[in-house]
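This report goes through a few parts of one protein chain. Look at the sequence and the structure before reading on.

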Amino acid sequence: MSSYIDLLNTAAQKVNIIVGITFFVLGLVGNSMNILIFSSLLKIQVFPPSPGRLYLLATAIANLVFVGYLLLTRILISGFFIPVTNTINFICKSRFYIGQVCMFTSLFCTSFATIDQYFISNRSVRIRQLSHLSFAKIIILVSVFLWCSINIPVLFLYNVYPRNNGTSTVCTVYSPAWSFYYTYFQSLALLCLVPLSIFIIFGILTRRNLHSVRQFHRSISRQMTKMILLQATTMGLSLFIATVQIIYQSVTMNIQKDALRNAQDNIFNTVANLLT
């Protein structure tokens with residue numbers, strides 16, 4: 001039995017290293033290319049200025065920061081057992097704060113882009129007029145300010161504390177109220193269920209619009225819509241995994257677990273974290 005447990009723990013470590021580094025490289029390259037494509041840095045504009053392009057640019061920037069900081073430190077912590085968050089208070093605080101802001105920005109900018117595609121693909125002129133570039137800029141600025149604000153408690157609550165054994169430290173928060181709020185409202189409801197519902201509802205509505213409107217603007221606009229819907233579908237699958245993970249952790253929080261169960265949870269959480 002002990003050899004099987006060791007095998008699971010070793011597998012989790014290898015997955016963190018191999019898959020984590022692969023996602024890290026692909027994330028850096030892919031999001032950097034998206035920033036070039038959706039910004040005005042290139043002389044040749046692949047897509048014309050539009051709210052959808054602006055939302056995807058904001059998403060790419062947030063994803064690049066997340067991959068460059070959050071995923072890199074996750075590889076160091078879980079793959080190479082370098083406890084940077086448990087020893088350095090700045091990384092303990094900033095990693096969780098920046099991670100939350102980037103996840104909210106990425107998910108909701110993609111949500112806004114999905115809603116915007118429903119607007120511009122609609123038959124109604126009044127609804128199509130809701131898609132406006134200046135309106136999109138305001139939404140992005142307000143939403144980023146909101147995500148930065150609601151996560152400010154993280155900077156005060158998360159700290160490096162001594163473990164019970166007194167020989168090491170751990171980055172954690174000792175606040176039952178915050179833990180309950182974060183688990184059930186901020187993570188489960190706001191970060192998972194709300195964007196997932198938007199992706200499903202407006203994704204279906206947009207596809208229905210595309211089927212009903214044959215002459216839809218230009219082919220470049222249809223290409224943008226398909227790109228956003230594909231990204232929304234991918235994020236929706238990731239959110240479904242994250243929702244299952246949060247519910248499982250909440251249900252099994254007070255259950256006494258043996259070494260085998262902890263090893264099984266470790267490999268599950270490793271895969272789920274890399275996919276979300």
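## Asn 31 and its surroundings

The side chain of Asn 31 comes within 2.8 Å of the backbone oxygen of Gly 27. The model is a predicted one, and in it Asn 31 belongs to helix H1. An α-helix has 3.6 residues a turn, so residues three or four places apart point the same way.

Is Asn 31 buried or exposed? Its relative accessibility is 11%, and buried means under 20%, so Asn 31 counts as buried. Apart from its neighbours within four places in sequence, Asn 31 touches Leu 26, Ala 60, Asn 63, Leu 64 and Val 67.

## Other residues of helix H1

Helix H1 covers residues 2-38, and Met 33 lies in it. Met 33 has a relative accessible area of 46%, so it is classed as partly exposed. Met 33 also belongs to a nonpolar patch on the surface, together with Ile 21, Val 25, Val 29, Phe 80 and Ile 82. The accessible area of these six residues together is about 510 Å².

Thr 10 is another residue of helix H1. With a relative accessible area of 37%, Thr 10 is partly exposed. Between Thr 10 and Ser 134 the separation is 124 residues in sequence, and 51 Å in space from C-alpha to C-alpha.

## Helix H4

Helix H4 runs over residues 89-120, a total of 32 residues. From its first C-alpha to its last, H4 reaches 46 Å, close to the 46 Å expected at 1.5 Å a residue.

How many of the 32 residues of H4 are buried? The count is 28, and H4 is therefore mostly covered.

Definitions and conventions:
Residues are numbered from 1 along each chain as its sequence is written. This is a predicted model: local features need pLDDT of at least 70, side-chain atom pairs count only at pLDDT 80 or more; totals for chains, interfaces and linings use all residues. Side-chain values use heavy atoms; hydrogens and water are left out. Patches are made of residues with over 30% relative accessible area and no salt bridge: like charges are joined within 9 Å, nonpolar side chains (Val, Leu, Ile, Met, Phe, Trp, Tyr) within 5 Å. Accessible areas come from the Shrake-Rupley method with a 1.4 Å probe; for residues, only the protein chains shown count as cover. A salt bridge is a side-chain nitrogen of Lys or Arg within 4 Å of a carboxyl oxygen of Asp or Glu. Helices (H or I, at least four residues) and strands (E, at least two) are DSSP runs, numbered from the N terminus. Buried means under 20% relative accessible area, exposed over 50%, partly exposed in between (1.4 Å probe, protein chains only). The expected span of a helix is 1.5 Å times one less than its number of residues. A polar contact is a pair of N or O atoms within 3.5 Å; within protein, one must be able to donate a hydrogen and the other to accept it, and residues adjacent in sequence count only if both atoms are side-chain atoms. Contact means heavy atoms within 4.5 Å.
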